[in-house]
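Open the model in a viewer and keep the sequence panel beside it. The stops below are given as selections, each followed by what is found there.

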Amino acid sequence: MARGRGTGPSPQDRMRRAFARRQRARRWLTWRYVLAAVLLVGGLCFGIYAIYFSPWLRADAVQVVGNAQLSEKQVLATADVPLGGPLATVDVHAIEVRLKSLATVKSVDVSRTWPHDVRIEIVERTPVAVLDRGDRLTNLDASGVAFGRLAKAPDGLPRVKIGPGADGDALAEGAAVVVALDPAITELVDFVEVRSVDEIDLHLRDGRLVRWGSSDQAEDKAAVLLELLNRKAQVYDVSVPGAPTTS
């Protein structure tokens with residue numbers, strides 16, 4: 001008996017179907033790229049709208065931290081933060097520059113706190129003495145920067161007076177002397193007189209005078225002075241602690 005022919009697809013049919021599948025796969029791959037591009041562009045457009053044009057991410061408030069000597073009102077007035085517009089366009093660098101113009105501000109960091117706030121973090125200068133210019137009193141920090149006008153000298157801070165020839169370097173050296181003073185010496189001091197970087201005198205509360213010199217060898221000078229003060233004298237010179245004199 002003769003065998004019948006098979007009923008499966010012919011080689012030509014299989015080739016046509018395989019070609020059609022490849023065509024569909026290529027079209028789907030193309031559409032996937034198109035869809036991905038549309039989604040990407042749409043996402044970018046939405047992001048630009050959300051950041052720059054929508055009310056969702058606008059600058060509405062300012063946080064101020066780290067201020068103790070400066071009032072929040074002073075900080076905000078100087079910072080001049082533009083509110084109501086996009087938070088992304090707030091120029092934080094310009095705000096920092098404006099705040100650094102305040103002598104009380106040692107350093108400042110301005111940042112955006114999403115979604116609505118601008119954060120101002122201030123580090124203020126720490127007073128180590130009171131600068132007495134005769135007609136006004138100001139704080140003096142450890143680097144010799146004067147800041148913050150005072151109505152009266154606060155308790156616990158020594159006064160610093162400057163001579164006519166004293167410049168900024170001399171004032172910085174005077175501040176360094178104040179910082180380096182032994183607490184036992186500080187209690188005796190009425191004020192520190194700064195004439196130049198190496199001509200700094202301590203005027204004691206009882207009227208005696210100490211020729212201190214510069215801020216160098218402060219520990220040695222303090223030890224020598226505490227011994228010399230037991231001697232009756234009006235002037236004590238410890239500018240060269242290895243060879244002190246009295247008169």
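Predicted model: local features only at pLDDT ≥ 70, side-chain atom pairs only at ≥ 80, totals over all residues.

**Stop 1: helix H3**

Select residues 92-100, which form helix H3. Which residues of H3 are buried? They are Val 92, Ile 95, Glu 96 and Leu 99. Looking down the axis, these four lie on the same side of H3, because they cover an arc of only 100° around it. Then go to the start of H3, where a side-chain oxygen of Asp 91 comes to within 3.2 Å of the backbone nitrogen of His 93.

**Stop 2**

Keep E3 and show its side chains. Val 118, Ile 120, Ile 122 and Glu 124 make up the covered face of E3, while Asp 117, Arg 119, Glu 121 and Val 123 are on the uncovered face. In a regular strand, side chains alternate between the two faces of the sheet.

Select strand E1 (residues 61-65) next; E1 and E3 run parallel and are joined by 5 bridges. Val 65 has Glu 121 of E3 as its bridge partner. E2 and E3 run antiparallel, with 8 bridges between them, and Arg 112 stands opposite Val 118. Together E2 and E3 form a hairpin with 3 residues between the strands. Zoom in on that loop, which holds Pro 115. The peptide bond from Trp 114 to Pro 115 is cis, with omega near 10°.

**Stop 3: the open sheet**

Colour the strands of the open sheet, 9 in number, in the order E6-E5-E4-E7-E8-E9-E10-E11-E12; their pairing is mixed. Which strands are at the edges? Strand E6 (146-150) and strand E12 (245-246) each pair on one side only. At the E12 end, strand E11 (residues 235-237) pairs with E12 in the antiparallel sense over 2 bridges, and Tyr 236 has Thr 246 as its bridge partner.

Now show helix H4 (residues 168-180). H4 lies across strand E4 (127-132), strand E5 (137-141), strand E7 (159-162), strand E8 (189-196) and strand E9 (199-204). The helix runs at about 150° to E8.

**Stop 4: the nonpolar cores**

Select Val 160, Val 192, Leu 202, Val 210, Trp 212 and Leu 225. Of the 29 residues in the largest nonpolar core, these touch the most other members. E4, H4, E8, E9 and helix H6 (218-228) each give two or more residues to this core. Apart from it lies another core, of 17 residues, including Val 75, Ala 79, Val 110 and Ile 122.

Centre the view on Trp 212. Leaving aside neighbours within four places in sequence, its contacts include Val 177, Leu 181, Ile 200, Leu 202, Ala 218, Leu 225 and Val 238. Asp 201, Lys 221 and Ser 239 are also among the residues in contact with Trp 212.

**Stop 5: two positive phi values**

Go to Asp 80, in the loop between H2 and H3. Its phi is near 50°, a positive value in a residue other than glycine. Is Asp 80 buried or exposed? Asp 80 is exposed, at a relative accessible area of 52%.

Finish at Gln 217, in the loop between strand E10 (209-211) and H6. Gln 217 is a residue other than glycine with a positive phi, near 55°. Its relative accessibility is 47%, so Gln 217 counts as partly exposed.

Conventions: Residues numbered from 1 in each chain as written. Heavy atoms only, no water. Buried < 20%, exposed > 50% of the residue type's maximum accessible area, 1.4 Å probe, protein only. Arc of directions from axis to C-beta. Polar contact = N/O pair within 3.5 Å; in protein donor to acceptor, adjacent residues only side chain to side chain. Pairing = 2+ DSSP bridges. Contact = heavy atoms within 4.5 Å. Axes fitted to C-alpha atoms, helices over the stretch in contact; angles between N-to-C directions. Core = buried A, V, L, I, M, F, W, Y, C linked by side-chain atoms within 4.5 Å.
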